[in-house]
Amino acid sequence: MARILIQGGMVLPMTSRTAIGRGDVYVEDGIIADIFPGSAPEAIFGPDLQVIDARNKAVLPGLVNAHTHAAMTLFRSYADDLPLMRWLNEKIWPAEANLTGDDVYWGTQLAAAEMLKSGTTVFADMYFFMDRVAEAVAESGMRGHLSRGMISVAGEANGNKGLSESEALFSDWNNGADGRIRVWLGPHAPYTCNPDYLKKVMALADRLGTGLHIHLAETRTEVEDITKQYGQSPILLMDSIGLFERPVLAAHCVHLTEAEEEILAAKKVGVAHNPESNMKLASGIAPVESLRKRQAVIGLGTDGASSNNNLDLIEEMRQAAFLQKVNLFDPTAMPAYAVLEMATIGGARALGWDDAIGSLEAGKRADIIVVNMDQPHLCPDFDPVAHLVYSARGSDVETVLVDGQVLVRDGKLVRMNEKRIMEEARARAIRLTTPQA
Ligand SMILES: N[C@@H](CCSC[C@H]1O[C@@H](n2cnc3c(=O)[nH]cnc32)[C@H](O)[C@@H]1O)C(=O)O
Ligand SMILES: [Zn+2]
């Protein structure tokens with residue numbers, strides 16, 4: 001039996017703010033067996049116990065990246081300073097047309113390396129060649145919530161391919177990698193999937209017993225175009241076709257009326273908030289403080305590295321807080337603990353994975369990060385929550401466990417070959433963005 005004790009840290013279980021305190025987290029065979037306030041009893045110790053010293057460190061659940069396109073790391077800083085539709089149509093989609101499965105595999109490896117080093121243990125991904133994404137997730141030791149992006153606007157054959165590949169991905173990989181992979185369906189957006197197609201996607205999801213990951217209400221242009229085409233906004237259109245009657249993870253949700261906020265909250269739609277992508281593409285400011293007050297389910301995402309341009313959720317937390325505060329002229333809006341909840345248990349709920357991850361509780365999987373707080377920019381020690389959200393950086397993450405396996409130690413990747421991954425990514429990025437003769 002593999003036994004680990006994370007000893008003497010400031011434990012933030014993310015079950016409630018009052019539960020925060022010094023303690024020992026005890027892991028057995030990949031599962032959190034117990035959390036001892038103060039210190040663990042003598043009986044726990046023994047020669048087979050691996051002890052991780054967490055004194056002057058924060059111990060919290062692994063961060064949940066609730067929306068990304070991992071392999072888009074290959075397009076990091078390839079196309080900047082453009083609005084969404086020009087960015088997609090003129091730069092990203094033409095470059096993506098050259099992608100191979102190997103590119104997606106290496107791009108995902110690069111993303112996994114970056115995410116793990118900054119404390120992210122699970123990511124919700126929507127892309128293509130998803131079997132190769134699954135392979136990279138399996139090898140990296142991370143957890144993946146994977147969806148094959150599906151569209152209907154490129155023709156019926158393409159739409160059907162999306163459906164059949166999604167079903168194959170589900171049967172090959174759902175609960176794969178020792179349960180570290182779950183598969184949902186990924187209809188891309190209302191402007192790339194028409195209602196008839198979405199109904200087919202919904203039927204498939206119900207037959208498989210799984211959920212949907214979609215982009216919704218990202219830009220004003222989307223809301224205008226969909227309203228012109230179908231007579232109602234993206235959220236109302238989705239509601240009217242019954243999309244929200246099953247688990248849904250909706251990325252962005254930037255442009256909402258109050259009635260739409262109510263629908264998202266009432267239907268328990270998981271909202272993936274991506275403040276940096278929304279700022280960079282100038283999409284707008286999602287009303288997440290208002291959604292939070294309505295008890296909506298909200299997670300935090302980075303979106304792809306090509307619209308962020310990194311996958312650092314610690315930085316994303318800070319931006320999420322500041323954006324709400326300045327937008328509402330209210331410094332009490334989106335307080336630090338609420339942001340940390342979005343990045344952990346909120347994200348886990350949005351992914352429908354809070355049965356197993358998102359908080360430190362006996363019985364949950366041991367996805368745990370240890371952050372070094374013994375540094376000038378995190379001193380003195382008033383409030384570890386505020387430090388994590390307002391002062392910390394991804395590089396402060398020292399140790400990362402997924403399923404009880406140590407994947408980052410002393411800030412270094414244990415099983416991944418970072419140098420090899422970067423060499424592959426550099427070469428592939430150049431090939432992908434060079435016009436073919
Ligand atoms: N284009 C694929 C299906 C979509 S995969 C997911 C897609 O989302 C795109 N994407 C990335 N970020 C965003 C965003 O913020 N909004 C909308 N789409 C995005 C990304 O470039 C990728 O093409 C096909 O032909 O089968
Ligand atoms: Zn996206």
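Here are some notes on this predicted model, taken point by point.

1. **Ground rules.** Residues are numbered from 1 along each chain as its sequence is written, while chains are lettered from A and ligands numbered from 1 in the order in which they are written. Since the model is predicted, local features need pLDDT of at least 70 and side-chain atom pairs count only at pLDDT 80 or more, whereas totals for chains, interfaces and linings use all residues.

2. **Two domains.** The chain divides into domain 1 (3-61 + 364-413) and domain 2 (63-351), with bounds that come from an automatic or database domain assignment. Their centres, taken over C-alpha atoms, are separated by 29 Å. Domain 1 brings 24 residues to the contact and domain 2 brings 26 residues; two residues are in contact if their C-beta atoms, placed from the backbone, lie within 7 Å. On the domain 1 side, β5 (57-61), β14 (368-372), α14 (384-391), β15 (397-402) and β16 (405-409) each supply at least two residues. The largest share of that side, five residues, is from α14. Helices (H or I, at least four residues) and strands (E, at least two) are DSSP runs numbered from the N terminus. By type, the domain 1 side splits into 17 nonpolar, three polar and four charged residues. Here Ala, Val, Leu, Ile, Met, Phe, Trp, Tyr, Cys and Pro count as nonpolar, Asp, Glu, Lys and Arg as charged, and the others, Gly among them, as polar.

3. The unreviewed UniProt entry lists "domain: Amidohydrolase-related" for residues 59-406. UniProt positions follow the numbering used here, feature names are shortened, and annotations may be inferred rather than shown by experiment. Over residues 59-406 the chain is 45% helix and 18% strand, with its end C-alpha atoms 14 Å apart.

4. **The nonpolar core.** The largest nonpolar core has 134 residues, of which V25, V59, V133, A250, V271, M317 and V339 touch the most other members. Such a core is a set of buried Ala, Val, Leu, Ile, Met, Phe, Trp, Tyr and Cys residues joined through C-beta atoms within 7 Å. Helix α2 (residues 101-117) gives the largest share of this core, nine residues. Because domain 1 and domain 2 both give residues to this core, it lies between them. Beyond its neighbours within four places in sequence, V59 contacts I6, G9, M10, V11, L12, V25, A54, I368 and V370.

5. **Helix α3.** Buried residues in α3 (residues 130-140) are M130, R132, V133, A134, A136, V137 and S140. A residue is buried if 20 or more other C-beta atoms lie within 10 Å of its own, exposed if 12 or fewer, and partly exposed in between, with C-beta atoms placed from the backbone. Their cover includes α2, β7, β8 (143-150), α4 (156-173), α5 (176-179) and β9 (181-187). After α3 comes G141, with a positive phi near 90 degrees.

6. **The annotated binding site.** The unreviewed UniProt entry gives H67, H69, H215 and D303 as "binding site". They are spread over 237 residues of sequence but cluster in space, the largest C-alpha distance being 11.8 Å. H69 sits in the loop between β6 (63-68) and α1 (84-96), and counts as buried because it has 27 C-beta neighbours inside 10 Å. H215 lies in strand β10 (residues 212-216). Not counting residues up to four places away in sequence, H215 touches H188, A189, A251 and H252.

7. **Around ligand 1.** There are 20 residues around ligand 1, and I92, G149, H188, H215 and G304 come nearest; a residue counts as near if its C-beta atom, placed from the backbone, lies within 6 Å of the molecule. Two or more residues of this shell come from α1 and from β7 (120-127), and α1 gives the most, with four residues. The shell divides into nine nonpolar, eight polar and three charged residues.

8. **Backbone points to check.** Most residues other than glycine have a negative phi, and most peptide bonds are trans. The bond from N308 to N309 is cis, with omega near 10 degrees, and a cis bond also joins C379 and P380, with omega about 0 degrees. Q295 has a positive phi near 65 degrees and counts as exposed, with 10 C-beta neighbours inside 10 Å. D403, in the loop between β15 and β16, has a positive phi near 55 degrees and counts as buried, with 22 C-beta neighbours inside 10 Å.
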